[in-house]
There are 2 protein chains.
Amino acid sequence: MSSGQVTIKDIARQLNISVATVSRALRDFPDINENTKKAVTTLAAELDYRPNQIAQSLVKRRTNTIGVVIPTFVIPFYASAISGIQEEAAKANYNVMVCQSNESYTTEVSNIYTLASSRVDGLLVSVSKETTNFDHLQCLQQKGIEIVFFNRVYEGMPVAKVVVDDYDGAVAATEHLISIGRKRIAHFCGPQNLSISQERRRGYVDALKTHNLPVREELMLSCDFNIASGMDAARQLLQVRPLPDAIFAVSDSVAFGAMKVLKEQGIRIPEDIAIAGYTDEPTASLVDPGLTTVAQPTFEIGQTAARLLFAQINRPSKESVCPKTVLKTRLIIRGSTVKNAV
Amino acid sequence: MSSGQVTIKDIARQLNISVATVSRALRDFPDINENTKKAVTTLAAELDYRPNQIAQSLVKRRTNTIGVVIPTFVIPFYASAISGIQEEAAKANYNVMVCQSNESYTTEVSNIYTLASSRVDGLLVSVSKETTNFDHLQCLQQKGIEIVFFNRVYEGMPVAKVVVDDYDGAVAATEHLISIGRKRIAHFCGPQNLSISQERRRGYVDALKTHNLPVREELMLSCDFNIASGMDAARQLLQVRPLPDAIFAVSDSVAFGAMKVLKEQGIRIPEDIAIAGYTDEPTASLVDPGLTTVAQPTFEIGQTAARLLFAQINRPSKESVCPKTVLKTRLIIRGSTVKNAV
DNA sequence: CTGTTAGCGCCTTCAA
DNA sequence: TTGAAGGCGCTAACAG
């Protein structure tokens, strides 16, 4: 009991039995004398003994800890997804180590190796906007660390993935804008090496084509996933003539930024320009007018990803199953596109 | 190399030297032959050797991991604070395990014990709204696990604490409302066993007294830290006659909820009722009108708490230093109290 | 039912 | 400059 922490040795010594017996008693083995078992458990409780997970991990060669790598905590999508992950982890008796890449490829690589050193049993990954090389992940996979992608996935790896139907949501949003009579619909695209950005853009383009609307390059502006970026894009868009009559933004934050600029310029939403976003962050129902957006099941995405990871970790055969789980989105119509909506 | 992970044993075998030498070479010991050192490091790189932190932790009796317990990820305050914590941790070469209590005392206790089992070197804690018993934390402290409280602290323990001057911020907000001529100022209080709630309420009460305004019980309503709770309180408040002319909410979310209800009721903000919040979440500048609020340095709170924890962990003498760091707030005036503000 | 032995991967004496 | 031995706290055969 050197370090202030009680060990099975302490219990064994005080009870004059071997550590093996203590270990078994504590783990409730069948062939253990009821009396010794009781003696051990009571003393353990008395001493407030807590098994040293570190030692257990070393023996068992598994830590019951998973790593999570996300771009940033401050995107509400991730805050919610992590909640879902945590909930599943607690149920399955796993610990969670979360790292944020801050959208930097270098940081992401470093995160991954840190987590690998900690010998996490598996990894839940949503890649940074910069990531185009996936060696760091492939390398870990080869070492037997299970990986599941969520939201920002890399199709090139044979692992499970959890996404929403980004294409479908984008089509729905764009068609909604078309259905309210908009003809010059702009799109604020996300970073183009991310599949979510590509898919949302593809949905936008296809919806326009389906309805025989021209696809104009000057109405497609590049953005990051934040408010400032949405403001920049909006300012840029307002230089274009004729003005667009709608914007479909790759994310709610981008849409919020756009709304801010439009309001400053005295442009009416939705009369002059209608706006739609993506995700349905809590803020979407608070801004004025409320933001029409494609709702994502953020919490459920986290839960699902975690569940798949645990299943994969505990799969007896090492042949990996790599389903792509595609969750549904739901278009929520608010005042930013329809005057009298909620 | 059974588990797919390279160990120093593998390196030793291939180089025909002892593991001790490998271990020393890898750690760049002074009295090691240059050639063996080079041989070891190159082979290690070739094999992509990663030291097993678990094994190291067991020997060193420290994990270089800290635990963080927060009420919930989805309060933007915590998302930002965790970012600050992460940043400091990365710098100091620490890992972070985050758990959320979901505002439940039972879950918090369970989180704490899980983290203790993982042998974290220290703990950053923001208690749940239900927590009134602190045995679980005192117990860990006695076992030599360092603790630092942030935001929601417990004054009764001799450990470092990081807070903002909640009282001061509340006074500033309330006096601002008074300065714009409001006389019937309501307060939506937070859970009263949290010091932040108490302090903000105390600031509100004292400001009223200082300005010879009556303190009316019927204008002080209890809330949790979320939108729904703010909506409930607002509905309740609207039953009171005469109506109040201002609301000081314990948090931005509560204020957002209140704004929503007031707008639905056709009550003008700020003309009929002015509103102020606390924290300055990103959403505060997006709602319409913008929310006047007491800005907190959320990221810095996380950073500071982490820094203090690392200092405490690495302090040679075991006598613990327990300063209370009080960071400054800043009143940000927006349209919810002053018509022509930004 | 229980004790002994060995080992997880690494570090740290103590000798050589 | 290097190796051998022991141990961190725990689990897992193998005996008895």
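This is a quick tour of some local features in a predicted model.

Start with S83 of chain A. S83(A) sits in helix α5, residues 76-92. Its relative accessibility is 7%, so it counts as buried. What does S83(A) touch, leaving out residues up to four places away in sequence? In chain A, F299(A). In chain B, F73(B), V74(B) and Q100(B).

Next, Q53(A). This one is in helix α4, residues 53-60 of chain A. Buried or exposed? Q53(A) is buried, because its relative accessibility is 18% and the cut-off for buried is under 20%.

Now the surface. R24(A), R27(A), K60(A) and R62(A) form a patch of positive charge there. R24(A) belongs to helix α2, residues 19-26. It is partly exposed, at 36% relative accessible area.

On to the backbone. Most peptide bonds are trans, and most residues other than glycine have a negative phi. Here are some exceptions.

I269(A) and P270(A) are joined by a cis peptide bond, omega about 5°. P270(A) lies in the loop between α11 (252-264) and β9 (274-279). In chain B, the bond from I269(B) to P270(B) is cis, with omega near 5°. P270(B) is in the loop between α11 and β9 of chain B.

Then phi. D48(B) has a positive value, near 55°. Its loop runs between α3 (34-47) and α4 (53-60) of chain B. N102(B) also has a positive phi, about 55°. N102(B) sits between β2 (95-100) and α6 (105-117), in a loop. At 49% relative accessibility, N102(B) is partly exposed.

Note on methods:
Residues numbered from 1 in each chain as written. Chains lettered and ligands numbered in written order. Predicted model: local features only at pLDDT ≥ 70, side-chain atom pairs only at ≥ 80, totals over all residues. Heavy atoms only, no water. Helix = DSSP H or I, 4+ residues; strand = E, 2+ residues; numbered from the N terminus. Buried < 20%, exposed > 50% of the residue type's maximum accessible area, 1.4 Å probe, protein only. Contact = heavy atoms within 4.5 Å. Patch = residues over 30% accessible without salt bridge, like charges linked within 9 Å, V, L, I, M, F, W, Y side chains within 5 Å. Areas by Shrake-Rupley, 256 points an atom, 1.4 Å probe, with all protein chains shown as cover. Salt bridge = Lys/Arg side-chain N within 4 Å of Asp/Glu carboxyl O. Lys, Arg positive; Asp, Glu negative; His and termini not counted. Charge placed at Lys NZ, Arg CZ, Asp CG, Glu CD.
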